[in-house]
Amino acid sequence: MTTENLDALRDELLAEVAAASDLDALDALRVAALGRQGRITDLMKGLGQVAAEQRRERGQALNVVKDAVAGAIAARQEALETAALDARLVDERIDMTLPPRPQTAGRIHPISQTIDEMVAIFCEMGFQVAEGPHIETDFNNFTALNIPPEHPARQEHDTFYLPEKEDGSRRVLRTHTSPVQIRTMLDMKPPIRIIVPGRTFRADYDATHSPMFHQIEGLVVDETTHMGHLKGCLIEFCRAFFGVDELPARFRPSYFPFTEPSAEMDIGCSREGGGLTIGAGADWLEILGCGMVHPKVLENCGIDSSRYQGYAFGLGIERAAMLKYGIPDLRTFYESDLRWLRHYGFAPLDIPTVAGGL
Ligand code: PHE
């Protein structure tokens, strides 16, 4: 091959490299020119047959062509790789500013939603969430709460008892969330400020009672908290939960063995026209039980009742949910009827916040 022919070969190969439209085509070209049986490689191999006096010059010329082609392939490869990456970045672009659109048909159960709302309100006030087991000792569920054996309050609770142990003790399915008061006070020192949402159990079943239901308990213990704080906290809570700023509230004297004094809180409502509207009106609706923690309960937990005091409250979650969302029948909460859930349930990303008006 003459020098002109070498130039022609170089130009031909460079043109092919420039025209290679993807990495595979480029690699095929590389093999055809520089591979073990490539055109340039073949010419290199043929140098042995060239007359000795031309061999050196010829070899140098071939090397120049080889370097030019190899350099062009490397440059083309880099350009194609960059273009491929750019195309991929455009292709896989995600607009992070788009709002998420849940396509799921799943719904949040009104009980879960109501608990989330209550937790949001109380946590904003500085409460922490505490939990306890569903199976409780008789001591935590009753005795420590100033409900000794034979106390009439035990009958009212329709307790589910577990089989007696060898030592004669029996455990129970907790009849209220109040045993978590005891667990918390045995566990930590005041100041205490907790809420306890959770399941509770009583052997009772009709249109307004279910053997499993939910309560939320509150407990505050420190050196200065008094009945005024109890009232302020609970009125504020009810106004936030029901979304009624001027919600009327009243506290009626009541009795619980573990609080003294004890009260029940009513909120204003109207039953005009057969319906029920929360807010100003002629009627009252009982919403929760509360009181100042009984000194005996504090002492049962090793807390000095001459120094510490506080308040507690307990509220039925189903009842609150029924009132807020107009759910007429308690039993429907547990029927797992999908049509009911689609109607009364909440969208999964509708997370309740105080700022968002729940
Ligand atoms: N535990 C009570 C009940 O289940 C409610 C309550 C809790 C009352 C705390 C006062 C204080 O009825």
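A polar contact is a pair of N or O atoms within 3.5 Å; within protein, one atom must be able to donate a hydrogen and the other to accept it, and residues adjacent in sequence count only if both atoms are side-chain atoms. The model is predicted: local features need pLDDT of at least 70, side-chain atom pairs count only at pLDDT 80 or more, and totals for chains, interfaces and linings use all residues. Residues are numbered from 1 along each chain as its sequence is written, and side-chain values use heavy atoms, with hydrogens and water left out.

View 1. Arg202 places a polar side-chain atom 3.1 Å from a ligand oxygen atom. For Gln215, a side-chain N or O atom is 3.0 Å from an oxygen atom of the ligand. His176 instead faces a nitrogen atom of the ligand, with a polar side-chain atom 3.0 Å away. The protein buries 90% of the 330 Å² that the ligand exposes when taken alone (accessible areas by the Shrake-Rupley method, 1.4 Å probe).

**View 2. The shell around the ligand.** The ligand has 14 residues around it (a residue is near if one of its heavy atoms lies within 4 Å). His176, Ser178, Arg202, Gln215 and Gly314 come nearest. By class, the shell holds five nonpolar, seven polar and two charged residues. Here Asp, Glu, Lys and Arg count as charged, Ala, Val, Leu, Ile, Met, Phe, Trp, Tyr, Cys and Pro as nonpolar, and the others, Gly among them, as polar.

View 3. Strand 5 (212-222), strand 9 (283-293) and strand 10 (309-316) each give two or more residues to the shell around the ligand. Strand 10 gives the most, with three residues. Strands (E, at least two residues) and helices (H or I, at least four) are DSSP runs, numbered from the N terminus.

**View 4. Two cis peptide bonds.** The bond from Pro190 to Pro191 is cis, with omega near 5°. Pro191 lies in the loop between helix 8 (179-187) and strand 4 (192-201). Glu260 and Pro261 are also joined by a cis peptide bond, with omega about -5°. Pro261 belongs to strand 7 (residues 259-270).

**View 5. Backbone at Glu150.** Glu150 is a residue other than glycine with a positive phi, near 75°. Its place is the loop between helix 6 (138-141) and helix 7 (152-156).
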